[in-house]
Amino acid sequence: MIGDIHQRVTRSSVVSLSFFSHSAYVATFEPRDVSHALSDSNWVNAMHDQLENFERNHVWDLVKPPPNCRPIGTKWVFKNKQGENGMVVRNKARLVAQGFYQKEGIDYEETFAPVAHLEAIRILLAFAASKGFKLQQMDVKSAFLNGFIEEEVYVRQPPSFESARFSDRVYKLRKALYCLKHAPRAWYARLKSFLLKSRFVMGSVDKTLFLLSRGGDTLIVQIFVDDIIFGDLSHALVSCFAEQMSREFEMSLMGKLQFLLGLQIKQSPKGTFVPQAKYTRDVLKKFEMGDSKPMTTPMSTNTALDADEDGEAVD
């Protein structure tokens, strides 16, 4: 039992070396389960952040379970967010619903929500490069918590964060939780409604593309779930949009677009590039070759190669 979700765990003091100073604010491991996470103050704080976010967004109400109530289970999911150099920059604890218990027609109706394709992102990158403007990126914090749901859905209390006084109660959802089958649809509907009210025009083919024309300028907005890419030659339109979104949702303004869909993106005056450095590091790490000695030629330079006299000529 953790108790009051507003009570934070004090972080321990560390030595002044930059690596250890950085690790004082984030944990470098990913917990196996909630009991493993509770052993580290950084992960405990990450879980507190998530639950405080629920309170701010009025996601649920603690109620007595109605007759024949089938509450859906909840589970903690832990993920480290890494920067460009592979160092952990954030511990992300997310409370998700065990949506596989949901039954169609009872707990949800429609589930479809449009998602931007990689080809659409590449076209947008090429268009921005040709017009000479930089794409910006913002991230909606706990995006699915902004989506309203119409169905009556009950979930169990978060593991290890159950109420001491009302342990027999359940949460009735006002808004969607991650891993509910209709959560992406609820979030997209909320964001779409907000953009259309703000005089954006939705793309006729790509439903995740929105345009706002003002004077001779056109602001382009592309949505990929909780990542929003936007840009225009007019700095005023870009600033106005960022301010609008921050008033409506809890946002992280990430500045110039650098990472999306696993792509590392570099925008410069010479053009827009999609380098493979991070992808290469991830592959080496996956196959435990991160500490291998780098070579300019990936084979022995002393190997003697003979001509293949019987082979076919190659152009």
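Predicted model: local features only at pLDDT ≥ 70, side-chain atom pairs only at ≥ 80, totals over all residues.
**Sheets**

The strands E7, E8, E9, E10, E4 and E11 make up an open sheet of six strands, in the order E7-E8-E9-E10-E4-E11, and their pairing is antiparallel. Its edges are strand E7 (201–202) and strand E11 (251–256); each has a single partner strand, so one side of each is left without a neighbour in the sheet. Within this sheet, strand E8 (residues 209–214) and strand E9 (residues 217–224) run antiparallel and are joined by six bridges. Arg 214 stands opposite Asp 217 in E9.

A second open sheet has three strands in the order E1-E6-E5, again with antiparallel pairing. Here strand E1 (60–63) and E5 are the edge strands, and because each has a single partner strand, one side of each lacks a neighbour in the sheet. Four bridges connect E1 and E6 in the antiparallel sense. Leu 62 stands opposite Tyr 171 in E6. In general, the strands of a sheet pair through backbone hydrogen bonds, in a parallel or an antiparallel way.

**Helix H3**

Helix H3 covers residues 41–56, which makes 16 residues. From its first C-alpha to its last it reaches 22 Å, close to the 22 Å expected at 1.5 Å a residue. The helix is mostly covered, with twelve of its 16 residues buried.

After the helix comes His 58, which has a positive phi, near 50°.

**Salt bridges**

Side chains of opposite charge can pair when their charged atoms come close. The whole structure holds five salt bridges, and the table gives three of them.

| Pair | N to O distance |
|---|---|
| Glu 152 and Lys 172 | 3.9 Å |
| Arg 190 and Glu 248 | 3.0 Å |
| Arg 247 and Glu 243 | 3.1 Å |

The salt bridge between Glu 152 and Lys 172 links distant parts of the chain, 20 residues apart. Glu 152 is in the loop between strand E4 (136–140) and strand E5 (154–155), while Lys 172 is in strand E6 (residues 170–173). Lys 172 has a relative accessible area of 32% and is partly exposed.

Arg 190 and Glu 248 form a salt bridge that also links distant parts of the chain, 58 residues apart. Arg 190 belongs to helix H5 (residues 183–197) and Glu 248 to helix H6 (residues 235–248). With 18% relative accessibility, Arg 190 counts as buried, whereas Glu 248, at 33%, counts as partly exposed.

Arg 247 and Glu 243 are both in helix H6 and four residues apart, so about one helical turn separates them. Arg 247 counts as exposed because its relative accessibility is 59%.

**Surface patch**

Tyr 279, Val 283, Leu 284, Phe 287 and Met 289 form a nonpolar patch on the surface. Together these residues have about 480 Å² of accessible area. Phe 287 lies in the segment after helix H7 (277–286) and, at 55% relative accessibility, counts as exposed.

Terms used
Residues numbered from 1 in each chain as written. Heavy atoms only, no water. Helix = DSSP H or I, 4+ residues; strand = E, 2+ residues; numbered from the N terminus. Expected span 1.5 Å × (residues − 1). Buried < 20%, exposed > 50% of the residue type's maximum accessible area, 1.4 Å probe, protein only. Patch = residues over 30% accessible without salt bridge, like charges linked within 9 Å, V, L, I, M, F, W, Y side chains within 5 Å. Areas by Shrake-Rupley, 256 points an atom, 1.4 Å probe, with all protein chains shown as cover. Salt bridge = Lys/Arg side-chain N within 4 Å of Asp/Glu carboxyl O. Pairing = 2+ DSSP bridges.
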